[in-house]
Structures are given as structure tokens and as C-alpha cells.
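Good morning, and thank you for coming. I would like to take you through one structure and describe how its parts are arranged.

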Amino acid sequence: MARRGPDWRARMTDAGAAHQAEHPSYLAHHFSDIEQQNESGTLGMWLFLLTEIMFFGGLFATYAIYRLKYFEGFHLGSRHLNYKIGALNTAVLIGSSLTMALAVRAAQLSKRKAIIGFIVLTMILGIAFIGIKLNFEWAADYHEGLIPWMGFHVEGPYASAIRLFFCFYFFMTGLHALHMVIGLGIMCVLLRMASKGRFDTGYFAPVEVTGLYWHFVDIVWIFLFPLLYLVGGLY
Amino acid sequence: MSVHVTSVRVYITIFLCLMVLTATTVFVATVDLGAFNTLVAITIAVIKMLLVVIFFMHVRHASALTRVMIAAGFIWLLLLMAFTLADTGTRNIPPQPEGWGAATLAEPQK
């Protein structure tokens, strides 16, 4: 490597300015083109999502162990849950995934108003999910005495196993809801960027990557719904 | 510029498929299939996951590197589940008290 002379900083700036002139501002210097930049971003987001998959995967594995061990308790615990509200929330969340996918599409096509519209719709559906959960489920669970350490009272021979089921239920759905709240926060930033007209056919990586995160949260719920609400059977 | 734009029609079709599968999983839960209830529920959830991953998350347009990495992640998850359940599921298998094994096992105690 050549030794840096006293004027190296100035030369760097000149090189930078020349580079800016050739390439759009959203293309980082270390990528040869926008496709490489997009691919790297997608790869990096998936890497993060894989750590999340292992994180939730550990929880699902623990759930599987205890469900095999305390089969009847998990069965009875599941029957305390309102599967109709669970199914409604599944529909709401899958709907929000659709609107998120359409927001990414709008960004790809440089439709600025549509980006904002679909992100707002996604946020409304996300907030609806959390609202339904808090209002119709967790509040009802509290009044029925189903929350461990918060007035839990279930009688019968399987009471302690049912309590364990509800520990899983609240931890898993709580963690899922936390991910949704984080997602809603990220979407606020997206809205700000979109309103400044930052996204178009050339640059839509933040919308795409947020979409990946939101769909991942949707997938976690796709597994949580049958494993929590339907394992007890509806017959 | 090779931006793959999926048509609205495809997105809505996938959404409707996911809705139908959700209704199916609720319906199957109303039928007593014994241990198969969980199997069917997980199978439907895996199909739904694949639809979301392939179409909503654009894996069908992703590079080979991204696909290989995602597949590796899921294989690792499968290992986690398989080895955990292979261990905990086979811990307390009681010894068979009857049959040809019982006589040979009982002999050394005399």
C-alpha cells in the first residue's frame, strides 16, 4: 500500500465527488451496482431472520418437550382459549402481510401515495391485531384467572400443567406481540422516509427488508395459532 | 434494472390460499384424529409458511446464495427439533416384562 501523502484527504474527496457523479446517491461506494447492494441487503436481513428462527425455534422445541410430558394439561389449557378470536387475528395478520407485500410492490413501481397508503393499512391491521389480543383475550384471561402470577386459579388434577401451558401461551404470544410493536415502530420510520419521497424503482430496500421482517412475524403466528388454540381439539 | 414485480393477482391468490388453509386447520381441529390432529395442523402451517416465504418474501426471485442460506437455516431448525424430540421422547421407555427377553434378563439375578 502506498504511503499517504499530506493531500490524501483532498484526493479522496475528489474521488468521492467523481464517484457521486457517476452513481445515484443511494448506491453505496463498496457495491458495484444496485443489484449487488439489494442482494446483500436481502441476504443480511435473512441472516438476521435465521437467528430469529433459531430463537423462536428454541421456544417451540421447549413447548414440544413439555407438551409431550404434560399432554392432558396442554390439551385442557388450550380449551380455555377462544379459538374464534385466534382465527380472526390470524386473518387480520395475514391481511396485514398482504398489504405489506403490496406496499413493497408500490415502492418497486415508484407509486409514492400507494406506498404510504399500504403502509398505513398494514399498521392499522397490526394495531387491530394487538388491540383484539389485549382487549378480547388477555383481559378476558385475567378475569378468568388464567394468568400465572396474576391471580391464577384453575382447579382440578391438571391445574399445574395448565399453569405451565399458560406460561408458554403468554410468553410466546407476548414475544410475538413485542415483535409486532417493533415492526410498527419501523413502519413509522418508513412512513417518514416515504413522505419525503425517498423510495422509487431504484431504491426501495428499506421497504423490502421491513416486509421480510413483517412476513416473518406473520409466519411465527401461523405456527402459534394451531399449537396454542387448536391443540386441545374443538370436538 | 432487474426488479421483479409480482402482480397484484398473484398476491391476492396467495392471500386467499392462506385464508382457505386457515379455515381448513380450524375445521380439522373439530374432527378427532388422535395424534394425527397435531401432524395435520403442523403440515398445514408448513404449507402456509412456504407460501409466505416463496411469494410474499420473494424467495422465488432470490439469488442462489440467499436460497442456500435460508435452506441451511431451516435444516438447522429441523436438527434442533429432531434431536430434542429423539432424546426426550425415548427417555422413559419401560423394559419389556414379558416375552423371550424376560427369561434371559431374570436369570443372572438367581
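I begin with chain B, which is divided into domain 1, covering 1–57, and domain 2, covering 63–90. Please keep in mind throughout that this is a predicted model. Taken over C-alpha atoms, the centres of domain 1 of chain B and domain 2 of chain B are separated by 20 Å.

As to secondary structure, chain B holds four helices and zero strands. Its pattern, read along the sequence, is accordingly written α-α-α-α. Chain B has 110 residues, of which 17% count as buried.

Let me turn to the contact between the chains. Chain B contributes 41 residues to this contact, and chain A contributes 39 residues. On the side of chain B that touches chain A, at least two residues come from each of α1 (8–29), α2 (36–56) and α3 (64–88) of chain B. Which helix gives the largest share of that side? It is α3(B), with 12 residues. Sorted by class, the side of chain B that touches chain A comprises 26 nonpolar, 13 polar and two charged residues.

I now move to helix packing within chain A. Two packed helices are described by the angle between their axes and the distance between the axes. For helix α4 (residues 83–108) of chain A and helix α5 (residues 112–143) of chain A, the axes come within 8 Å and cross at roughly 165°. Angles over 145 degrees count as roughly antiparallel, and therefore α4(A) is roughly antiparallel to α5(A). The crossing in which α4(A) passes α5(A) is left-handed. In the contact of α4(A) with α5(A), 19 residues are nonpolar, six are polar and two are charged.

Helix α5(A) has a further partner in helix α6 (residues 159–195) of chain A: these two axes come within 10 Å and cross at roughly 160°. α5(A) and α6(A) are therefore also roughly antiparallel to each other. Here, too, the crossing of α5(A) past α6(A) is left-handed. On the α5(A) side, the residues making the contact include A:I115, A:I119, A:M123, A:I127 and A:I130. From α6(A), the contributors include A:A177, A:M180, A:L184, A:M187 and A:L191. The residues of the contact of α5(A) with α6(A) divide into 14 nonpolar, five polar and two charged. Among the charged ones are A:R112 and A:K133 of α5(A).

That concludes the presentation, and I thank you for your attention.

Note on methods: Residues are numbered from 1 along each chain as its sequence is written. Chains are lettered from A and ligands numbered from 1 in the order in which they are written. This is a predicted model: local features need pLDDT of at least 70, side-chain atom pairs count only at pLDDT 80 or more; totals for chains, interfaces and linings use all residues. Axes are lines fitted to C-alpha atoms, for helices over the stretch in contact, and angles run from 0 to 180 degrees between N-to-C directions. Angles under 35 degrees count as roughly parallel, over 145 as roughly antiparallel, 65 to 115 as roughly perpendicular and the rest as oblique. A crossing is left-handed if the near helix is turned anticlockwise from the far one by less than a right angle, and right-handed if clockwise. Two residues are in contact if their C-beta atoms, placed from the backbone, lie within 7 Å. Domain bounds come from an automatic or database domain assignment. A residue is buried if 20 or more other C-beta atoms lie within 10 Å of its own, exposed if 12 or fewer, and partly exposed in between; C-beta atoms are placed from the backbone.
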